[in-house]
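User: Please take a close look at one part of this model, a pair of packed helices and the loop that joins them. I would like the geometry and the contacts in one connected account.

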Amino acid sequence: MMLKILAYALKITILLIIGFWLVENPGDVTLEWHEQIYETTTPVAFLALLLGFAVVAILYHLYRKLLSMPGMWGLRRGIKRRGQGYEALTKGLIAVAAGDAAMARKQTEKARKLLDDAPLTLLLAAQAAQLNNNHELAQDSFRQMLEQPELAFFGVRGLLTHSLRSTGRRDSTGAVNREALTLARKAFRLEPSSPWVLETLFDLEMLAEEYDRGLGLVDQMRRLGMIDKATATQRRGVVFLTRSLAAEQHD
């Protein structure tokens, strides 16, 4: 910016020097054009030349402005569109929090249209679908979240919560819910410090008789300060006792 100002000042200085020199050293300029002769003084000719350059520069600037207007209009339209989209997204999240299923669905459709399926619209779509008891649409939204790094954990948690609600921690045979266990392990890889994930995964690992994994999760809880030393010792004791009982049953 400073270099542009200096360059501009230098140009003005040069023009002023030339102007003063021409005033101090006047002369005549004669121009013959189509058998017509035009005469004037050197300063006037110089001033006319400057004015001509100024007019050309102004016209060129206006021409560039006209060329850029469609792009500027598109940019302003895009900004306005995204603003309306985020407004719909905000209203939709408020509707979800208020339990207004109809409004949540309406604002979700508006946000997805305006924001072209931006990541946060998937979260709103899933929550609105759950509020409207559309579990299939909610599941689809959660699966799409898995493809978005910033929303992957929310997608896994949504699928895990649905699996636990629909099936429980055990399947119809009494064995551990393998789908929930797989999702819980994925959620742990994404957010290893989440208390909810750690507690859920610990219970599922114990049901799956993965006792070494269970002990590792107890250590993780202790490192994070989720449980104190006495509780960690108690849980380890439960793991060892459960493993012993399971070994006896298998024998």
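Analyst: H8 and H9 are roughly antiparallel to each other, a term for angles over 145 degrees. This is a predicted model, in which local features need pLDDT of at least 70 and side-chain atom pairs count only at pLDDT 80 or more, while totals for chains, interfaces and linings use all residues. Residues are numbered from 1 along each chain as its sequence is written, and side-chain values use heavy atoms, with hydrogens and water left out.

Helix H8 covers residues 195–207 and helix H9 residues 211–224; helices here are DSSP runs of H or I with at least four residues, numbered from the N terminus. They pack at an angle of about 160°, with their axes 8 Å apart. Axes are lines fitted to C-alpha atoms over the stretch in contact, and angles run from 0 to 180 degrees between N-to-C directions.

The crossing of H8 past H9 is left-handed, meaning that the near helix is turned anticlockwise from the far one by less than a right angle.

On the H8 side, the contact (heavy atoms within 4.5 Å) involves Leu198, Glu199, Leu201, Phe202, Glu205 and Met206. Their partners in H9 are Tyr211, Arg213, Gly214, Leu217, Val218, Gln220, Met221 and Leu224. Sorted by class, this contact has 9 nonpolar, 2 polar and 3 charged residues.

The loop between H8 and H9 contains Glu209. Its phi is near 60°, a positive value in a residue other than glycine. Glu209 is partly exposed at 38% relative accessibility, the class between buried (under 20%) and exposed (over 50%), computed with a 1.4 Å probe on protein chains only.

Technical notes: Helices (H or I, at least four residues) and strands (E, at least two) are DSSP runs, numbered from the N terminus. Angles under 35 degrees count as roughly parallel, over 145 as roughly antiparallel, 65 to 115 as roughly perpendicular and the rest as oblique. Ala, Val, Leu, Ile, Met, Phe, Trp, Tyr, Cys and Pro count as nonpolar, Asp, Glu, Lys and Arg as charged, and the others, Gly among them, as polar.
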